[in-house]
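Below is a set of questions and answers on one protein model. Please keep the sequence and the structure in view while reading.

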Amino acid sequence: MAKNPENKNYKVVSENRRARYDYAIEDDLEVGIILTGSEVKSLRVGQSNIADSYASVDDGELWLTNAYIAPYDRAMFGHEERRKRKLLVKNRELARLWNATKRDGMTLVPLVMYFNDRGLVKLKIATAKGKKNHDKRATEAKRDWGRQQQRLLRHGD
């Protein structure tokens, strides 16, 4: 993830922690997102969820579908909570993402939504392949073994 702790403007808004468990991440990309004013205000408060969302290429544009941004109660003009939101990406990257989804059978999964150092909302999406159940069990066993190794090294048993 793109973490920059010394920067005061950097703030993680929403993270899809389940994505790394359900998918084998191949490549990730930082993209911009078009939002309304009430959506940005709601994100500043930290009310969003991207766990059930996905990205797709439709009609030559990249869209984020099913991402939840809570309504901002003090906004004059509200917004739909789960509307499709356009993602901003260069044409070359868009062509690469389209090829990955259509030809290679990959999925575009959002990993993290955050405010960057300039205070703009960014979304990190990844091209990923879905894992089978035995792959998930192997990942879990590897993670548990790593924890056990750290415990043994710490305590020296």
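Buried means under 20% relative accessible area, exposed over 50%, and partly exposed in between (1.4 Å probe, protein chains only). Helices (H or I, at least four residues) and strands (E, at least two) are DSSP runs, numbered from the N terminus. The model is predicted: local features need pLDDT of at least 70 and side-chain atom pairs count only at pLDDT 80 or more, while totals for chains, interfaces and linings use all residues. Residues are numbered from 1 along each chain as its sequence is written, and side-chain values use heavy atoms, with hydrogens and water left out.

Q: In what pattern do the helices and strands follow along the protein chain?
A: The chain holds four helices and nine strands. Its C-alpha trace spans about 60 × 40 × 25 Å along the principal axes. Read along the sequence, the pattern is β-α-β-α-β-β-β-β-β-α-β-β-α.

Q: What percentage of the contacts with a separation of 6 or more comes from residues 24 or more positions apart?
A: Contact means heavy atoms within 4.5 Å. The chain has 157 residues, of which 35% are buried. Among contacts with a separation of 6 or more, the share from residues 24 or more positions apart is 67%.

Q: Which strands do the buried residues of α3 pack against?
A: Helix α3 covers residues 91-102, and its buried residues are Leu 94, Leu 97 and Ala 100. Seen down the helix axis, these fall within an arc of 125 degrees (taken from the directions from the axis to the C-beta atoms), so they line one face of α3. The face turned away from the buried side carries the exposed residues Asn 91, Arg 92 and Lys 102. The buried residues pack against β2 (23-33), β4 (54-58), β5 (61-65), β8 and β9 (121-130).

Q: How many Å apart are the end C-alpha atoms of α3?
A: The expected span of a helix is 1.5 Å times one less than its number of residues. For the 12 residues of α3 this gives 16 Å, and the model agrees with the expectation. The end C-alpha atoms are apart by 16 Å.

Q: Which strands do the buried residues of α2 pack against?
A: In helix α2 (residues 37-45) the buried residues are Ser 38, Glu 39, Ser 42 and Leu 43. They fall within an arc of 140 degrees seen down the axis, so they line one face of the helix. Gly 46 follows α2 and has a positive phi, near 95 degrees. The buried residues of α2 pack against β1, β3 (48-49), β6 (68-69), β7, β8 and β9.

Q: Which backbone oxygen does the side chain of Arg 85 reach?
A: Arg 85 is found in strand β7 (residues 85-88). It is buried, with a relative accessible area of 0%. Beyond its neighbours within four places in sequence, its contacts include Glu 39, Trp 63, His 79 and Glu 80. A polar contact is a pair of N or O atoms within 3.5 Å (within protein, one must be able to donate a hydrogen and the other to accept it, and residues adjacent in sequence count only if both atoms are side-chain atoms), and at 3.0 Å the side chain of Arg 85 reaches the backbone oxygen of Arg 83.

Q: How many residues apart in sequence are the parts that the Tyr 10 and Tyr 114 pair ties together?
A: Rings of Phe, Tyr and Trp (its six-membered ring) pair if their centres lie within 6.5 Å; planes under 30 degrees apart count as stacked, over 60 as edge-to-face and the rest as tilted. The structure holds one aromatic pair, and Tyr 10 and Tyr 114 form it in a tilted arrangement, 5.5 Å centre to centre with 40 degrees between the planes. Tyr 10 is buried at 17% relative accessibility, as is Tyr 114 at 1%. Tyr 10 lies in the segment before β1 (11-15) and Tyr 114 in strand β8 (residues 107-115), so the separation of the parts tied together, in residues, is 104.

Q: Which ring does the charged end of Arg 44 sit over?
A: A charge sits over a ring if NZ of Lys or CZ of Arg is within 6 Å of the ring centre and within 35 degrees of the ring normal. For Arg 44 the distance to the ring centre is 4.1 Å, and the ring belongs to Phe 115.

Q: Is Asp 59 buried or exposed?
A: Asp 59 is found in the loop between β4 and β5. Its phi is near 55 degrees, a positive value in a residue other than glycine. At 81% relative accessibility, Asp 59 counts as exposed.
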